[in-house]
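Here is a short briefing on local features worth checking on screen. Keep the sequence and the structure side by side as you read.

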Amino acid sequence: MPAGATADFEKQLRVASDINGTALADRALRTLAANCRTSGRPLPEVEAMRITTRGIELYLAAATPPIAPFTERDNSPVVWWCPARSGALLDQEEAADIVAPYPALVSLGETEDGDPVLVDLETIGLLRLDGNPADIRAVLLALAVELASSKLANATQIVLAGAGSELQSLYPDQIDHHSDLDAAAAELQAHDAFQRAALVDGDHAHLRSGRLSEVTSGDSWIPRILVATDPPSGPSITVLEDLLTSRPRTSVAVVSAAGTGLQLPGAWTLPAQPGATVDLPGLDLTVKLQYLDDAAYDRLVQLLVTSSRPDDVPPPPWTQHAAPAGSSGPQDRADSDGAQSALAPETAFTPVATIEPIPTTTDDLASGLPDFASLSPAITPPILATPTGTDDAEGDAGSALPPAVVGGLAGEVMHRADAETGAAPAKNDLTFGAPADGPEKAHAVDSARGNWDRPHADDEFSTALSEVLAEQHAHVTQQGPGTGEDEESGLSAASLGQPNARPTAARRIVPKPSAATSTVLAALSTPPDPPAAPQVHVLGPVDLVGTLGRVDSNRRNSLLEIAVWLVLHPGLSRQDLDDAIWPGMRILAETRNTAISKLRAWMGRDPLLPAGDSQAAYLPPITDGVYALSDQVTSDWAQFQELYQEGMHHEGPEADIALAQALALVRGRPFADIDPSKYIWAEAHIQEMISAIVDVAHELAERRRHARDYRAAAQAVAKGLICDPQSELLYRDLFTICHEMGDKDGLERAAHRLACLNTEAGCDSSPETVGLLRTMLRGEQSHHIAESAAS
């Protein structure tokens, strides 16, 4: 995690970002494109867009009759308006299927009211900045970063010439850097030729027509923007002039320092004066240009480097063993693979056994793996049943427990273990694989299972699994039917396509649950006891329970954020509170005092203390400018940390139960369902909590796997995947559990699900994961398998 000045800079970026406004603008523009396609009207030519708290303003290059969801603004045909709560907007899923119509929109700055203003570089063509070189560089680098991180179009390509070479390694998919402007211009020239051919092939009169086409691929119209910190000179001037003046225009644009060489009619020339306001040509808009001076640029680079580092961060102090010397402390695991844990060295359990190969005799192993031909761009997890029957629906932006993993894998593993041991499910178990009561929950689980049918994994996974299955299929074909190999298979009869077959002797024997096994499994599914005083919940949807007062519904969320901040930051000052809850704002004492007073009334007071005791309030009076809750007010995170200490630094049944109780506190991803514009201060906490939960889940899964308690091991993995759905560490745990149980079908499906998640995220699987799968699916014996699962 970033620290010091870099951390402060990250907080400033979060404060400045307008997540909700950008999302609204994206939906409005995609809705406009959908309506243009339906009505047969062309997309209007847009010069600028202003995002306000009330809605979106579009500034057009020419007067055009409005198209929904926009209407004319103040009887001006060149300014359109879409209110924030327009009923004409597509929903998020519908809008996501529409190609972004204006992918070259980039934030130029903001108005005096703080409203972001974006300009469409495709329409402008040439944007020149005039001023001293340092100021020009600061504005141009800010534009380059804005384009590379745009939420309105994440595929826009930037050709950077001159300064900013560091950005190429930080945005490798979007930024190409050239020290020579001629080489950069040649790259634009090649892109222009490609798009001209696409226009001719698709019989499109102009670029905007191509973007509305349902026949032509949307990737044909991705913009390529040249950002040059020096004025164009030499042969590049002729090349750029030809690109920008040829008709029909293609999706290329140039932003550069002003000079005498490249000057075109209609080009914009703005003074690069950071902090000063400038008038946009031909528009009734005045903006203050954004910029990255040398200090801010260095902090940004450091922040991006830190966020992209693959190595682990040092464990926080609370993870260290706190027991006194001479007590029954932790076992020495200094040589274990846990040294590479994301949180603490103790989180990895030392492997004690190798994994034997599993013979298989299915007629067609390839049929057990879903097709990898294509994958939908997004999988929205449905709401799943939660332990103890509580309604913890996460919504679209909340906890992301992979439904296919839980409903179709971890649940299957647990039920497979039940079938082999003859044990009945524990009363409080998370029954991931079975439909819950009611048609809505049953439909949610059915939808979760259906996610396994979504095909297409990344190439590396696809190659590995295809090779393995092809080899095994060839081996089975050579053997032919009736070889008697079924008796040696570690797969169940159902996995072999013989639902009515009698059970046969498996290579492994899963023991019946012992008393310790049942206790650990029950602890994983048993909810914690109700708190005796108010308690803040952050290990899932944020909540404040156990209060004795009342709160207005329109104040609840804002007061809840203050309560969460206070419980995680005890003993800090008024200024700290203001900076966290109201960042970048000047807060009056009356506003703060009213909020604290209402929070105090909501939380109530200890009924066991005298009414006249000033310390009876769960939020005592503020003394010496220090804000702190009563010692009786707790949080589920503090409980988790205590159980972490009890379980991670000791071994044995009691330690395993402590870890299970810690995971039982997890109701979803930490800080799930929060308003993205709030809790800006909480990002470091969220990452720390996720790392701790994943480490505990991995540790408990390893311990229970070595005890052959596969149901508890699988449930621990499922708890961890609630918080980090793409954790390859936990998926390797799940692979190993499936392998040891002889569940080859579950192993293949788990591999496919992880591959789909990685494809959606645009990342590759780690070599350890691919190697583990190759070995397991080929059935090769290797003493490295268990070590790979724990690394």
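A residue is called buried when its relative accessible area is under 20%, and exposed when that area is over 50%. By that cut-off, both faces of strand E6 are covered. The model is a predicted one.

- Strand E1 (residues 46–51) runs antiparallel to E6, and 3 bridges join the two.
- Strand E5 (residues 105–110) is also antiparallel to E6, here with 5 bridges.
- Val-117 faces Arg-50 and also stands opposite Gly-109.
- E5 and E6 make a hairpin with 5 residues between the strands.
- In the turn of that hairpin, Gly-114 has a positive phi of about 85°.

- Helix H9 covers residues 235–245, and its buried residues are Ser-236, Ile-237, Leu-240, Leu-243 and Leu-244.
- These residues span an arc of only 135° around the axis, which puts them on the same side of H9.
- In an α-helix there are 3.6 residues a turn, so residues three or four places apart point the same way.
- The buried residues of H9 pack against strand E7 (126–130), helix H7 (181–201), strand E10 (224–228) and strand E11 (252–257).
- Pro-235 and Thr-238 are exposed, on the face of H9 turned away from its buried side.

**Aromatic pairs**

- The whole structure holds 6 aromatic pairs.
- One of them joins Phe-70 and Trp-80, with 6.1 Å centre to centre and 35° between the planes, and it is tilted.
- Phe-70 lies in the loop between strand E2 (55–60) and strand E3 (71–73), and Trp-80 in strand E4 (residues 76–83), so the pair ties together parts that are 10 residues apart in sequence.
- Phe-70 is at 3% relative accessibility and therefore counts as buried.
- Trp-80 is buried too, with a relative accessible area of 0%.
- Trp-637 and Phe-640 have ring centres 5.5 Å apart and planes at 20°, so this pair is stacked.
- Planes under 30 degrees apart count as stacked.
- Both Trp-637 and Phe-640 belong to helix H18 (residues 636–648), 3 residues apart, or about one turn of the helix.
- Both residues of this pair, Trp-637 and Phe-640, are buried.
- Phe-671, Tyr-679 and Trp-681 form a cluster linked by ring pairs.

**Arginines over ring faces**

- Arg-73 lies over the face of Trp-81, 4.0 Å from the ring centre.
- Arg-137 lies over the face of Tyr-297, 5.3 Å from the ring centre.

**Backbone points to check**

- A cis peptide bond runs from Ala-68 to Pro-69, with omega near 10°.
- Pro-69 is in the loop between E2 and E3, the loop that also holds Phe-70.
- A cis peptide bond also runs from Arg-247 to Pro-248, with omega near 0°.
- Pro-248 sits in the loop between H9 and E11.
- Asp-203 has a positive phi, near 55°, although it is not a glycine.
- Asp-203 is in the loop between H7 and helix H8 (207–212), and at 70% relative accessibility it counts as exposed.
- Tyr-679 has a positive phi near 55° and is likewise a residue other than glycine.
- Tyr-679 lies in the loop between helix H19 (653–664) and helix H20 (683–706).
- With a relative accessible area of 9%, Tyr-679 is buried.

**Arg-732**

- Arg-732 is part of helix H22 (residues 728–741).
- Is Arg-732 buried or exposed? Arg-732 has a relative accessible area of 6%, so it is buried.

Key. Residues numbered from 1 in each chain as written. Predicted model: local features only at pLDDT ≥ 70, side-chain atom pairs only at ≥ 80, totals over all residues. Heavy atoms only, no water. Helix = DSSP H or I, 4+ residues; strand = E, 2+ residues; numbered from the N terminus. Buried < 20%, exposed > 50% of the residue type's maximum accessible area, 1.4 Å probe, protein only. Phe/Tyr/Trp six-rings, centres within 6.5 Å; stacked < 30°, edge-to-face > 60°. Lys NZ or Arg CZ within 6 Å of the ring centre and 35° of its normal. Pairing = 2+ DSSP bridges. Arc of directions from axis to C-beta. Contact = heavy atoms within 4.5 Å.
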